[in-house]
Amino acid sequence: MEDIFEQMLHRHTIAGDNDRKNALYEVMQHVVLSGLYRGGFFKEAAFYGGTCLRIFHGLRRYSEDMDFSLLEKNSDFKLETYFPAIIEEARLLGREVTITKKDKRNFGKVESAFLKDNTDVYNITFQTEKSLKIKIEVDTNPPLSFNTEQRLLLQPFSFPTRCFALPDLYAGKMHALTFRAWKNRIKGRDWYDFEWYVRNRVPLDFEHLKVRTQEFNGIDLTKEHFLELLKNRLASADINAVKADVIPYIIDKRELDIWSNDYFLQLADMMVLE
């Protein structure tokens with residue numbers, strides 16, 4: 001009889017090695033969330049980012065990293081408090097994990113430019129067929145003015161997870177899409193998620209976007225300025241590089257056939273800004 005970990009893995013469509021790797025990441029993300037829940041983490045923090053959108057809202061692309069924000073600023077917060085709960089949850093599923101804190105001095109320019117000094121970053125390494133690392137970021141001094149909601153997860157057991165509400169998830173993604181430093185690699189996953197928000201008519205919480213932009217970039221953003229910056233980025237991107245980044249994370253590559261700079265500019269005109 002299969003153990004719970006393997007049962008969770010077989011819920012995914014696995015056509016090749018890359019699909020299996022993506023599925024392993026997602027199952028391990030469920031394990032991390034369940035451990036954090038048992039440890040009481042979601043009493044003081046919320047889940048956000050592309051992985052949250054994938055797990056709780058059915059985004060049709062896989063994701064690797066896990067992003068969390070405290071509900072209130074707290075420079076004394078220690079994620080290490082919750083490590084035993086994550087390790088124990090993995091142990092109950094027959095897996096071993098190692099958790100290490102990343103040294104941000106070794107980050108590349110793109111990564112470090114988008115992380116504040118008070119964002120703690122950790123690697124959780126799972127021993128599966130081969131070691132896979134999940135990067136976890138926790139913002140201990142977060143931009144506020146966001147709403148949260150409880151979302152239910154059924155595997156590896158039933159438990160609620162505190163998540164950013166969709167309009168605030170959207171705001172975080174649009175901040176990344178508009179202001180993320182590119183260097184040599186465009187993060188096409190931002191483009192994919194943007195398309196999802198527009199397609200699903202999710203309203204963007206512009207107030208939270210303003211707060212994020214002020215704290216990260218020192219810009220007092222207006223809706224007009226935001227749209228100008230966004231469209232400049234969408235128009236100037238190398239669309240082939242955008243596609244190349246996201247392809248490993250999606251199952252149906254035909255989704256990208258329509259992608260062009262003009263397509264994304266039209267999506268920008270269809271946004272709903274609150």
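**Helix packing and the nonpolar core**

The model is predicted, with local features requiring pLDDT of at least 70 and side-chain atom pairs counted only at pLDDT 80 or more, while totals for chains, interfaces and linings use all residues. Residues are numbered from 1 along each chain as its sequence is written, and side-chain values use heavy atoms, with hydrogens and water left out.

Helix α9 spans residues 223-236 and helix α11 residues 261-269; helices are DSSP runs (H or I, at least four residues) numbered from the N terminus. Their axes lie 8 Å apart, at an angle of about 160 degrees. Axes are lines fitted to C-alpha atoms over the stretch in contact, and angles run from 0 to 180 degrees between N-to-C directions. The two helices are therefore roughly antiparallel (over 145 degrees; under 35 is roughly parallel, 65 to 115 roughly perpendicular, and the rest oblique). On the α9 side, the contact (heavy atoms within 4.5 Å) involves Leu 227, Leu 230, Lys 231, Leu 234, Ala 235 and Ser 236. These meet Asn 261, Phe 264, Leu 265, Ala 268 and Asp 269 of α11. By class, the contact has seven nonpolar, two polar and two charged residues (nonpolar: Ala, Val, Leu, Ile, Met, Phe, Trp, Tyr, Cys and Pro; charged: Asp, Glu, Lys and Arg; polar: the others, Gly among them).

Helix α3 (residues 50-57) is largely enclosed by the rest of the structure, because eight of its eight residues are buried (under 20% relative accessible area, 1.4 Å probe, protein chains only). Among these buried residues are Arg 54 and His 57.

The axes of α3 and helix α7 (residues 188-199) come within 11 Å and cross at roughly 45 degrees, which makes α3 oblique to α7. This crossing is left-handed. Gly 50, Leu 53 and His 57 of α3 make the contact with Asp 193, Trp 196 and Tyr 197 of α7. Three nonpolar, two polar and one charged residues form this contact.

The largest nonpolar core has 82 residues; such a core is a set of buried Ala, Val, Leu, Ile, Met, Phe, Trp, Tyr and Cys residues joined through side-chain atoms within 4.5 Å. Residues with the most contacts inside the core include Leu 33, Leu 79 and Trp 259. Helix α2 (residues 17-38) supplies the largest share, nine residues. Leu 79 touches Leu 36, Phe 41, Tyr 122, Ile 136 and Val 138, not counting residues up to four places away in sequence.

Definitions and conventions: Buried < 20%, exposed > 50% of the residue type's maximum accessible area, 1.4 Å probe, protein only. Left-handed = near helix turned anticlockwise from the far one by under 90°.
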